[in-house]
Amino acid sequence: MKINWKIKLGIILLLTSIAMYCFAFFALNEHEKVIFYLVIDFAFMPLDVLVVVLVVEGIINKKEKENILEKLDMIMSVFFSEFGTEFLSKFINISNKNEKINKLLKDLNVWSDKEFNNFLKDLKKTDLEINLDLDIDQRKEFLTDLKQLLVENRGVFNKIIRKSKFT
């Protein structure tokens, strides 16, 4: 049977502690001090455990959040680099209330990071409304284009699903 290294370390540390207390108790004849410090050590043990648990839990939670944010960033990157911009453009293009955004999105692929960030700041201040009140022919054309876009980008969704597993 193979013993985990953590169990071995725990046993070694426990035996070392027992050996040191025995040495102080028997060799140095400091019975009262050894018992006093043993009781003090046991009294502070719950506080030590509490501090260690809180610190370790905080570190683990921070690391988990960083991992989730990193995966979300990858998912968003895949979505927008391969599918999302065109997908959102289709919705914006059929809306007659967003001429300014329509014009801006046409040049989206050639923007620098600074231009994109400035656009996002402006967009947050803008009331964005998508009006999908279309007549029957426009609705058919829009849904046909949307279906074609979704079928063409099936692989993107597979990538997103693979990258979104948070395990």
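In which helix do Lys63 and Glu66 both lie, and how many residues apart? Both are in helix α2, three residues apart, or about one turn of the helix. Helices are DSSP runs (H or I, at least four residues), numbered from the N terminus. An α-helix has 3.6 residues a turn, so residues three or four places apart point the same way. The model is predicted: local features need pLDDT of at least 70 and side-chain atom pairs pLDDT 80 or more, while totals for chains, interfaces and linings use all residues. Residues are numbered from 1 along each chain as its sequence is written, and side-chain values use heavy atoms, without hydrogens and water.

Lys63 forms a salt bridge (a side-chain nitrogen of Lys or Arg within 4 Å of a carboxyl oxygen of Asp or Glu) with Glu66, the closest N and O atoms being 3.8 Å apart. Glu66 is partly exposed, at 38% relative accessibility; buried means under 20% relative accessible area, exposed over 50%, and partly exposed in between (1.4 Å probe, protein chains only). Lys33 forms a salt bridge with Glu30, with 3.7 Å between the closest N and O atoms. Lys33 is exposed at 52%, whereas Glu30 is partly exposed at 31%.

The buried residues of α5 are Phe142, Leu146 and Leu149. The face turned away from the buried side of α5 carries exposed residues, including Asp137, Lys140 and Glu141.

Definitions and conventions:
Helix = DSSP H or I, 4+ residues; strand = E, 2+ residues; numbered from the N terminus.
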